[in-house]
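Thanks for coming. I have one structure to go through today, and I will keep to a few local features and then the whole chain. Please look at the screen.

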Amino acid sequence: MRKIIDDQRLIYWCCSLYYENNMGQKQIAERLGISKSSVSRMLMTGRELGIVEIKVHHLSQYMYEDLEEQLKKKFHLRDVVVAESSPLDSKADRVTKLNERAADYLDRLLQDGDYIGVSIGSTIRNIARAKKECASHKCVFVPLVGGIGRPGTTMQEESVRFIFDYFKKLDIVISGMNVESMRYETVEKLGYVTKETIEEFRKKGAVCNFVLRFFDIDGNTKPFEEYNKKIAGISMEAYRKVPIRILLTAGTGKADSIKGCIHGGYANVLIIDVDCARELLQDS
């Protein structure tokens, strides 16, 4: 004869009443007509079988709530997530911690059916490598940029035109800045721009290369329009219309670049480390 504590249906009801309805073990025992000791064993069995999952969040996720609130208020942001960092951290340590926080945030944010736009670069790629278990979400991921060419030619190509239709459906966009101080590393490696051109753009006030476009601290792209219009991908106007615009970066030396993204309307959610957060707050 099967023992009462082996009845999975009864175990489910026991766990549901305890964890979802906040009933005490004595109340559950009286309601289900079983002993209090049986209730206790069923609650334990429910965890062993995976009917109940209990997760304790690491304290570091709540260490910088004050910094997050200050940044949200100062820059009028939708959300800010600050990852921990230490002077003893290597570059790999810093990247790992940032991506763990990013993965956790996205796990809570993403919903089935969301359209997610992603930029290029190592920062975004590393999120997928974060050692964190995430729920499975049925989302559509859309590349935001495809390279550089003659203005208007890509839109006419039948094989990629559907991607531009997806841009209108985007719920979230995610872009990153390299954690090193070399702001233009990606576009240089891809051969999209020369060092001479970068120096020319710096003199014009460029503070950032974002989804392959250049702009100044106010988010203004006009001084660099001749170059920017060659980029095949989402327009900056369309980018600004996406409801949730996430910028992911870490380290110091990024204040002007981040402010350019915020002032231009290209970021309303920051996922950064504590060093970056403090620099943004100290910067006038």
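I'll start with histidine 76, which sits in the loop between helix 4 and strand 1, the strand of residues 79-83. One caution before going on: this is a predicted model. Histidine 76 has a phi near 55 degrees, a positive value in a residue that is not glycine. As background, most residues other than glycine have a negative phi. Why does histidine 76 count as exposed? Because its relative accessible area is 72%, and the cut-off for exposed is over 50%.

Valine 211 is not a glycine either, and its phi is positive, at about 45 degrees. You will find valine 211 in the loop between strand 6, residues 208-210, and strand 7, residues 213-215. Is valine 211 buried or exposed? It is buried, because its relative accessibility is 4% and buried means under 20%.

Tyr12, Trp13, Leu49 and Ile51 make a nonpolar patch of about 390 Å². Of these, isoleucine 51 belongs to the loop between helix 3, residues 36-49, and helix 4, residues 65-75. Isoleucine 51 has 35% relative accessibility, so it counts as partly exposed.

Next, helix packing. Helix 1, residues 8-20, packs on helix 3 at an angle of about 100 degrees, and the axes are 9 Å apart. The angle therefore makes helix 1 roughly perpendicular to helix 3. On the helix 1 side, the contact residues include Leu10, Ile11, Cys14, Cys15 and Tyr18. From helix 3, the contributors include Val39, Met42, Leu43 and Leu49. Leu49 is also one of the patch residues I mentioned.

The other pair is helix 12, residues 255-263, and helix 13, residues 274-282. Their axes are 10 Å apart and the packing angle is about 75 degrees, so helix 12 is also roughly perpendicular to helix 13. Helix 12 brings Ala255, Ile258 and Lys259 to the contact, and helix 13 brings Cys276, Glu279 and Leu280.

Last, the whole chain. How many helices and strands are there in the protein chain? There are 13 helices and ten strands. The chain has 284 residues, and 46% of them are buried. Take the contacts between residues at least 6 apart in sequence: 70% of those join residues at least 24 apart.

Key:
Residues are numbered from 1 along each chain as its sequence is written. This is a predicted model: local features need pLDDT of at least 70, side-chain atom pairs count only at pLDDT 80 or more; totals for chains, interfaces and linings use all residues. Side-chain values use heavy atoms; hydrogens and water are left out. Patches are made of residues with over 30% relative accessible area and no salt bridge: like charges are joined within 9 Å, nonpolar side chains (Val, Leu, Ile, Met, Phe, Trp, Tyr) within 5 Å. Accessible areas come from the Shrake-Rupley method with a 1.4 Å probe; for residues, only the protein chains shown count as cover. A salt bridge is a side-chain nitrogen of Lys or Arg within 4 Å of a carboxyl oxygen of Asp or Glu. Helices (H or I, at least four residues) and strands (E, at least two) are DSSP runs, numbered from the N terminus. Buried means under 20% relative accessible area, exposed over 50%, partly exposed in between (1.4 Å probe, protein chains only). Axes are lines fitted to C-alpha atoms, for helices over the stretch in contact, and angles run from 0 to 180 degrees between N-to-C directions. Angles under 35 degrees count as roughly parallel, over 145 as roughly antiparallel, 65 to 115 as roughly perpendicular and the rest as oblique. Contact means heavy atoms within 4.5 Å.
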